[in-house]
Amino acid sequence: MNEATRSEMTRDAMSGGASLDWQAILDTMATRHSTRAFDGSVIDDTTLADIVRDGTEAPSSCNQQNWHFIVVTDPAAKREAQDISGGNAHFADCSALIYLCFQKGWTHGNFSVVQSVAGAAYHMMISAHLRGFQSIWNAGIGDQVRLRKMLALPQTFDVIGALAIGRSRADAPAMKAPRRPEGEVYSFGQFARADHAVYPVKPAAAYPYFQIRNDNNPFAQWNPAQWSLDQIGDFRGYSVWAKSPLPGVYVSRRQGEATAAELALVPEFPAGAEVAELLPWGGTYTVELRKHLGAGVVLHVDDLSDNNLSFVRERLRQEGVASDQTRFGLIAGGRLPHADASLDAVIAPQILEHLPDPEAMLAEIVRVLKPGGVVVVSARNLWSAYGWLWTRKESRAQVPNQGPFRPIPAPRLRGWLAQRFTIEAETGIGKGATGDATLMAGRARLFARLYAARCRLG
């Protein structure tokens, strides 16, 4: 913003009675970012009470203020809250958890009582931020029955989330999650939104709110062939769950111990070799791949969104494996950012099932590999216990934050690879539907949770 524009805005604001320092206040507010790594230090009860009191200055529906905020600071209670949440480590390490509750029955129309609590919660976050503390808003609070018992919450009240407030650890990532470009999330007069930011759903005459749940969404479009690459990149690029760059945490549960089994297929490369990893999303796999390759190998990390790459960069730094031998590139229009016959290897772990046209990506891999180059591919297998689980249960839920996907029958993927490469090694990973990394050979590999193969071009 230039000085002339700022001066004009200031004159307009002052004519409406705004404070002289309104821009400085807004600029400070905009620096707030979520923190998941707290140092565990104490914030005194008086300050916490002031933060909550600031929150109650927010507007509420019909001014009824049917909200209630439960401040939890006892270390044992915070550890219990962490356990109930199912994995939010920061619940135990923050200075205080403020549970966001509301009384049921009044101002329910259009969720106005929930809107009121949300407004108050953000007001508290800003109050904490301006006082030099950090915070994070959590909707994932865990089992409601256990939580209600812990909080002694009467049945006439519900809890919809929690604020974790405290001081960041010295090594905490100072990253603000990306915001969409100006103008992409608002329009004047009528709805208008960029095509890539409107995600596909199954055709229907209407989409009733109460028919849609996270665990059961009849309109969710899991088939990536119904999405464009731009939509998939946008969806994955703004979703940060399981993508925090905190070291050692938010490792994919779906991956389990399979990463080591997949990496066992990656051969050793000499210093100077060039290897690309495709669609890394959060960077947990990239960390292990970077360690596996060794310092002298150039690793190209290619994704559909630079937002993802920013998280990968920070994750590598946090894990202590950042290197000038790691490069980052964007996949645009389905084309990998590499010249023909320029790479020694391509690693594509569980990404083909996310793409509208997996064979087109395989063709791109062929294009960029040198003669004799290696590709290591894995994919979730429709012909497995996991495939049954995905078909009967998982795919009836909302599309997950890593984007739409459809497991690929292992024989089909094997056929695609055999048409283009010489298959050198292959394995099945995982006998059960989730998590395990049992190695399966022979015909059984075609019925494992994951099918993985190392292939050579030419």
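Which residues form one aromatic cluster? Phe111, Tyr209 and Phe210 do. The model is predicted, so local features need pLDDT of at least 70 and side-chain atom pairs pLDDT 80 or more, while totals for chains, interfaces and linings use all residues. Residues are numbered from 1 along each chain as its sequence is written, and side-chain values use heavy atoms, without hydrogens and water.

The structure holds 13 aromatic pairs. Rings of Phe, Tyr and Trp (its six-membered ring) pair if their centres lie within 6.5 Å; planes under 30 degrees apart are stacked, over 60 edge-to-face and the rest tilted. Two of the pairs are tabulated.

| Pair | Type | Centre to centre | Angle between planes |
|---|---|---|---|
| Trp67 and Phe69 | tilted | 5.8 Å | 45 degrees |
| Tyr207 and Phe219 | edge-to-face | 4.8 Å | 75 degrees |

Tyr207 and Phe219 both lie in the loop between strand 4 (157–166) and helix 8 (229–238), so their pair ties together parts 12 residues apart in sequence. Helices (H or I, at least four residues) and strands (E, at least two) are DSSP runs, numbered from the N terminus. Trp67 and Phe69 are buried; buried means under 20% relative accessible area, exposed over 50%, partly exposed in between (1.4 Å probe, protein chains only). Phe219 is buried at 10%, whereas Tyr207 is partly exposed at 35%.

Arg180 lies over the face of Tyr238, 4.1 Å from the ring centre. A charge sits over a ring if NZ of Lys or CZ of Arg is within 6 Å of the ring centre and within 35 degrees of the ring normal.

Asn63 has a positive phi of about 55 degrees and is exposed at 55% relative accessibility.
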